[in-house]
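Subject: Structure handover

Hello,

The sequence and structure are placed below for your files. My notes on what was found follow directly after them.

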Amino acid sequence: MQNKEIKNICCIGAGYVGGPTMAVLAKHCPNIQVTVTDHNLERINDWNSIDLSKLPIYEPGLDEIVNKYRGKNLHFSSEVEKNISIADMIFISVNTPTKTKGVGAGKASDIKWVEACARQVANNAKNHTIIVEKSTLPVRTAEVIKNILESATSMKSQKNPSISFDVLSNPEFLSEGSAIQDLMHPDRVLIGGEEESAIDSLTEIYSNWVPKSKILRTNIWSSELAKLTANAFLAQRISSINSIAALCEATGADIREVSRAIGSDSRIGSKFLDAGPGFGGSCFKKDILNLVYLCEYFGLPEVAEFWEGVVKLNYWHQDRISQLVVKKLFGTVTGKKISILGFAFKANTNDTRESASIKICKDLLEEGAILSIHDPKVDSDQIAKDLKMKEKKSFKRDKLIKENTQEGNWYFSDEIYESINNADAVLVLTEWVDYTNINWDKVSKIMRKPSWIFDTRSIIEPGKVIKTGLNFWRLGDGLN
Ligand code: NAD
Ligand code: UDX
């Protein structure tokens with residue numbers, strides 16, 4: 001078959017992947033009209049907002065691209081079906097969270113939204129259409145999509161013989177916070193598929209900005225599995241380094257020195273060796289649990305157990321941090337104010353999904369702490385949703401102590417020193433650059449004594465804190 005000329009692209013799903021991916025594609029392909037669709041009208045309105053600070057996703061560099069190409073060859077629309085009907089190529093970029101009910105609950109990925117997309121495409125496509133799986137999917141999902149499309153085609157093509165479909169797997173490897181850079185300069189682009197002409201069409205699009213040598217072709221199942229495996233390997237490194245951080249604290253070693261020493265081995269490499277409060281984000285846990293489910297399903301319990309250990313270690317590690325804070329504060333945090341610096345799961349994103357801050361804050365609230373939470377990009381509504389607890393705006397410790405309240409409370413603070421004022425402890429959970437420039441002299445004067453600073457991200461210079469008389473603890477430091 002001859003390569004299909006792609007003039008119109010429709011992306012279903014205007015989230016953290018769909019939005020930035022299509023923005024970069026539109027930037028590099030001026031001759032293609034790209035429409036990002038979503039059934040969430042509010043999200044689409046935000047993407048179309050004139051005030052660029054209202055875009056639903058914060059990613060450095062994204063607003064600039066949206067500003068330049070929106071309305072030219074980049075569009076955001078809630079008319080999913082109409083845009084499917086005119087598209088030559090459709091990217092499926094919808095969410096695939098862990099199933100909460102039914103077979104595989106707690107592990108398997110829920111592909112109901114992907115299936116819904118396949119049905120929408122089957123019902124609305126008018127010509128030959130290439131379907132690209134951008135979402136991260138269990139191995140062999142392409143088969144489900146093909147089945148749905150083929151059964152619809154066999155009925156419709158009696159009316160219109162030009163309707164047919166090819167399905168490709170093209171998983172996304174972007175990291176939040178550096179999505180635009182990752183999309184502009186990817187380590188590789190992976191395309192899995194059976195039909196050479198469809199693979200060629202997608203390769204041609206990427207070739208507008210990605211060197212051909214970085215575009216890898218595989219069979220469709222390898223492509224789907226490679227995505228899950230990449231995330232499992234990355235998460236495994238973080239659980240590995242966090243496990244050794246605990247051992248450092250027990251033995252007098254320093255995790256930063258251990259990371260540097262092992263990272264200098266070119267076989268190991270230096271990336272992804274930063275100990276932290278435990279991995280968060282919408283992908284790692286979900287994708288490993290999906291891998292675990294697949295291993296169990298295919299009769300490989302030992303392999304399943306191996307990978308499940310990565311997630312278990314992450315839970316344990318987050319528990320360990322909240323317990324340690326309580327222990328250092330004389331075994332109780334009831335009625336004590338703790339300033340939480342950072343709620344996003346990593347710096348440079350407003351995403352809080354699976355953020356370590358959620359679990360750690362919940363644990364401290366359970367212990368009766370009063371948390372003043374600061375984050376430069378996450379708002380109080382999102383925090384309330386994540387903590388499943390309303391914000392209590394006024395902080396009156398004395399009143400709370402007098403009432404002998406055992407209940408924890410939290411409030412949102414939009415200023416770092418306000419958050420720290422009168423606190424018993426500061427707990428740094430996200431590596432925002434704002435937290436690297438804190439004036440510790442000033443802090444030592446506004447905290448209640450004895451005061452503790454806990455750094456789970458290794459972004460604070462210990463000497464600067466210790467010299468002010470504040471107590472300092474940092475993750476994986478045997479000299480704590
Ligand atoms: P998201 O929740 O931010 O966005 C998904 C969007 O799809 C939502 O806005 C939702 O309303 C929309 N949607 C769902 N079903 C729809 C339908 N039938 N019609 C129209 N819109 C529909 O999710 P995300 O973070 O962008 O992730 C999407 C996929 O990409 C997931 O499979 C994820 O695992 C994968 N992925 C995510 C990242 C990341 O960093 N977030 C990176 C690589 C891969
Ligand atoms: C991840 C993958 O990196 C990306 O390729 C995939 O497409 C989506 O999932 P993301 O979740 O956006 O990306 O961020 P990532 O940089 O991988 O960080 C994940 C979590 O690990 C964060 O909580 C981060 O703080 C933590 N992390 C990362 C560490 O604790 N230490 C490190 O050295 C690196």
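I begin with Phe306, which counts as exposed because its relative accessibility is 54%; buried means under 20% relative accessible area, exposed over 50%, and partly exposed in between, with a 1.4 Å probe and protein chains only. Trp307, with a relative accessible area of 10%, is buried.

Before the rest, the ground rules. This is a predicted model, in which local features need pLDDT of at least 70 and side-chain atom pairs count only at pLDDT 80 or more, while totals for chains, interfaces and linings use all residues. Residues are numbered from 1 along each chain as its sequence is written, chains are lettered from A and ligands numbered from 1 in the order in which they are written, and side-chain values use heavy atoms, with hydrogens and water left out.

Aromatic rings

A pair of aromatic rings is described by the distance of the centres and the angle of the planes. Rings of Phe, Tyr and Trp (its six-membered ring) pair if their centres lie within 6.5 Å; planes under 30 degrees apart count as stacked, over 60 as edge-to-face and the rest as tilted. There are ten aromatic pairs in the structure. Phe306 and Trp307 form an edge-to-face pair, because their ring centres are 4.9 Å apart and their planes stand at 80°. The pair of Trp452 and Phe454 is stacked, since the centres are 5.6 Å apart and the planes are at 15°. Both Trp452 and Phe454 are buried. Phe233, Phe306 and Trp307 are linked into a cluster by ring pairs.

Two rings have a charge over the face (NZ of Lys or CZ of Arg within 6 Å of the ring centre and within 35 degrees of the ring normal). Arg188 lies over Phe173, 3.6 Å from the ring centre, and Lys377 lies over Tyr58 at 4.3 Å.

Ligand 1

Ligand 1 is surrounded by 26 residues (a residue is near if one of its heavy atoms lies within 4 Å), and Asp38, Arg43, Thr96, Glu176 and Lys286 are the closest. By type, the shell holds eight nonpolar, eleven polar and seven charged residues. Helix α5 (residues 112-124) supplies the largest share of this shell, three residues. The side chain of Thr96 has an N or O atom 2.6 Å from an oxygen atom of ligand 1, and for the side chain of Arg353 the distance to a ligand 1 oxygen atom is 2.9 Å. On its own, ligand 1 has 840 Å² of accessible area, of which the protein covers 93%.

Ligand 2

Around ligand 2 there are 19 residues, with Phe173, Leu174, Glu176, Asp274 and Arg457 coming nearest. The shell consists of ten nonpolar, three polar and six charged residues, and helix α9 (residues 220-251) gives the most to it, with four. A backbone N or O atom of Phe173 is 2.7 Å from an oxygen atom of ligand 2, and Leu174 likewise has a backbone N or O atom 2.7 Å from a ligand 2 oxygen atom. In the side chain of Lys227, an N or O atom is 2.8 Å from an oxygen atom of ligand 2. The protein buries 92% of the 660 Å² that ligand 2 exposes when taken alone.

Asp477

Asp477 sits in the segment after β14 (471-474) and is buried, at 10% relative accessible area. A polar atom of its side chain lies 3.0 Å from the backbone nitrogen of Leu479.

Regards

Terms used:
Polar contact = N/O pair within 3.5 Å; in protein donor to acceptor, adjacent residues only side chain to side chain. Areas by Shrake-Rupley, 256 points an atom, 1.4 Å probe, with all protein chains shown as cover. Helix = DSSP H or I, 4+ residues; strand = E, 2+ residues; numbered from the N terminus. Nonpolar A, V, L, I, M, F, W, Y, C, P; charged D, E, K, R; others polar.
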